[in-house]
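This report looks at a few side chains and how they are arranged. Have the sequence and the model in view while reading.

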Amino acid sequence: MTDRRRSGLERWASLRGVTLEEAVARFPREAGIARFGESQEVADLMAFLVSPAARWMTGAALRVDGGEVQAV
């Protein structure tokens, strides 16, 4: 749960006439995700990307959203 996510949830809640707490409970179900990600999970990916283990990666776009945006 980042500041950016919280801001988005505040807008989401306002558009639906619910409280932020209700939005936090409802949004994951409606978005098809199991839970909100943690900042540490994003940091872990960043650590991998700057590590020697990622040296063969080029031009990749990586989403860190728990599957919220469905790939086609």
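## Aromatic pairs

Two aromatic pairs turn up when the whole structure is searched. Rings of Phe, Tyr and Trp (its six-membered ring) are paired if their centres lie within 6.5 Å; planes under 30 degrees apart count as stacked, over 60 as edge-to-face and the rest as tilted. The pair of Trp12 and Phe27 is edge-to-face, because the ring planes stand at 90 degrees, with the centres 5.4 Å apart. This pair links distant parts of the chain: Trp12 belongs to helix H1 and Phe27 to helix H2, 15 residues apart. Phe27 also forms a stacked aromatic pair with Phe36, with 6.2 Å from centre to centre and 10 degrees between the planes.

The model is predicted: local features need pLDDT of at least 70, side-chain atom pairs count only at pLDDT 80 or more, and totals for chains, interfaces and linings use all residues. Residues are numbered from 1 along each chain as its sequence is written, and side-chain values use heavy atoms, leaving out hydrogens and water.

Buried means under 20% relative accessible area, exposed over 50%, and partly exposed in between (1.4 Å probe, protein chains only).

The largest nonpolar core has nine residues, among them Trp12, Phe27, Phe36, Leu9 and Ile33. Helix H1 (3-16) and helix H2 (20-31) each supply at least two residues of this core. Such a core is a set of buried Ala, Val, Leu, Ile, Met, Phe, Trp, Tyr and Cys residues joined through side-chain atoms within 4.5 Å. Helices (H or I, at least four residues) are DSSP runs, numbered from the N terminus.

Apart from its neighbours within four places in sequence, Phe27 is in contact (heavy atoms within 4.5 Å) with Arg5, Leu9, Trp12, Ile33, Phe36 and Glu68.

## Asp44

Asp44 lies in helix H3 (residues 39-49). Asp44 is partly exposed, with a relative accessible area of 44%.

The side chains of Asp44 and Gln40 are joined by a polar contact of 2.8 Å. A polar contact is a pair of N or O atoms within 3.5 Å; within protein, one must be able to donate a hydrogen and the other to accept it, and residues adjacent in sequence count only if both atoms are side-chain atoms.
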